[in-house]
Amino acid sequence: MFNDIGPLELVTLVVLAVLVFGPEKLPKMIQDVTRTIRKIREFSESAKADIREELGPEFKDFEFEDLNPKTFIRKQLDNDELGLKEIRNGFDLKKEMAEVTDAVHGGDSDTASSSSSSSGSAGGSVDMTKKREKLAPDERPPFDADAT
């Protein structure tokens with residue numbers, strides 16, 4: 001609950017509490033606050049128990065933390081029933097990028113992959129920069145309708 005409060009902030013809160021409530025009333029205020037927090041927790045736990053009881057045996061594994069969307073999605077994706085890990089591991093991104101760059105540059109992906117494997121570099125770098133051709137002085141640059 002208080003994970004983001006540092007030691008300096010905690011000391012500041014204590015000094016502020018002593019100044020506001022005074023050293024005589026501070027212990028009584030702390031007792032009242034802790035009693036209130038305890039009552040709120042008891043009320044929350046009893047409400048959760050009532051809801052679980054009303055839902056019936058079908059929802060015996062129901063956790064209220066699952067109502068948080070991040071927790072729900074994380075729990076669903078961790079299930080290996082969908083086979084997402086196999087699909088994710090089935091992609092070789094470097095090979096796919098090499099094939100795409102070869103297709104863009106007009107090369108054949110089979111000759112490029114055999115030459116890169118024979119050169120001995122396992123993680124060969126791919127040049128993704130566009131090569132600009134020199135235009136004649138009177139030639140206009142090509143028009144790209146998507147860029148405008």
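These exercises work through a predicted model of one protein chain.

**Ground rules**

Residues are numbered from 1 along each chain as its sequence is written. In this predicted model, local features need pLDDT of at least 70, side-chain atom pairs count only at pLDDT 80 or more, totals for chains, interfaces and linings use all residues, and side-chain values use heavy atoms, with hydrogens and water left out.

**Exercise 1. Describe the secondary structure and the surface of the protein chain.**

Step 1. Start with the elements. Helices (H or I, at least four residues) and strands (E, at least two) are DSSP runs, numbered from the N terminus. The protein chain has five helices and zero strands. From the N terminus on, the order is α-α-α-α-α.

Step 2. Turn to burial. Buried means under 20% relative accessible area, exposed over 50%, and partly exposed in between (1.4 Å probe, protein chains only). Of the 148 residues, 5% count as buried.

Step 3. Areas come from the Shrake-Rupley method with a 1.4 Å probe; for residues, only the protein chains shown count as cover. The accessible surface is about 13,800 Å², and carbon and sulfur atoms hold 59% of that.

**Exercise 2. Find where confidence is highest and where it is lowest.**

Step 1. Take the chain as a whole. The predictor's confidence in each residue is its pLDDT, from 0 to 100. The mean is 77, and 72% of the residues reach 70 or more.

Step 2. Go by element. H1 is highest, at 90, and helix H5 (residues 109-119) is lowest, at a mean of 46.

Step 3. Residues 108-122 have pLDDT below 50. Beyond near neighbours in sequence, this stretch has five contacts in the model (heavy atoms within 4.5 Å).

**Exercise 3. Work out the salt-bridge network of Lys28, Asp32 and Arg35.**

Step 1. Set the rule. A salt bridge is a side-chain nitrogen of Lys or Arg within 4 Å of a carboxyl oxygen of Asp or Glu. The count by this rule is two.

Step 2. Take the pairs. Lys28 meets Asp32 at 3.4 Å, N to O. Arg35 pairs with Asp32 too, with the closest N and O atoms 3.1 Å apart. The bridges link Lys28, Asp32 and Arg35 in a network.

Step 3. An α-helix has 3.6 residues a turn, so residues three or four places apart point the same way. Lys28 and Asp32 are four residues apart in helix H1, so about one helical turn separates them. Arg35 and Asp32 also lie in H1, three residues apart, about one turn.

Step 4. Lys28 is partly exposed at 46%. Asp32 is partly exposed at 25%. Arg35 is partly exposed at 38%.

**Exercise 4. Check the span of helix H4 and name what follows this helix.**

Step 1. Get the expected span. The rule is 1.5 Å times one less than the number of residues.

Step 2. Compare. H4 (residues 93-105) has 13 residues and reaches 18 Å from its first C-alpha to its last, close to the 18 Å expected.

Step 3. Gly106 follows H4, with a positive phi near 85°.
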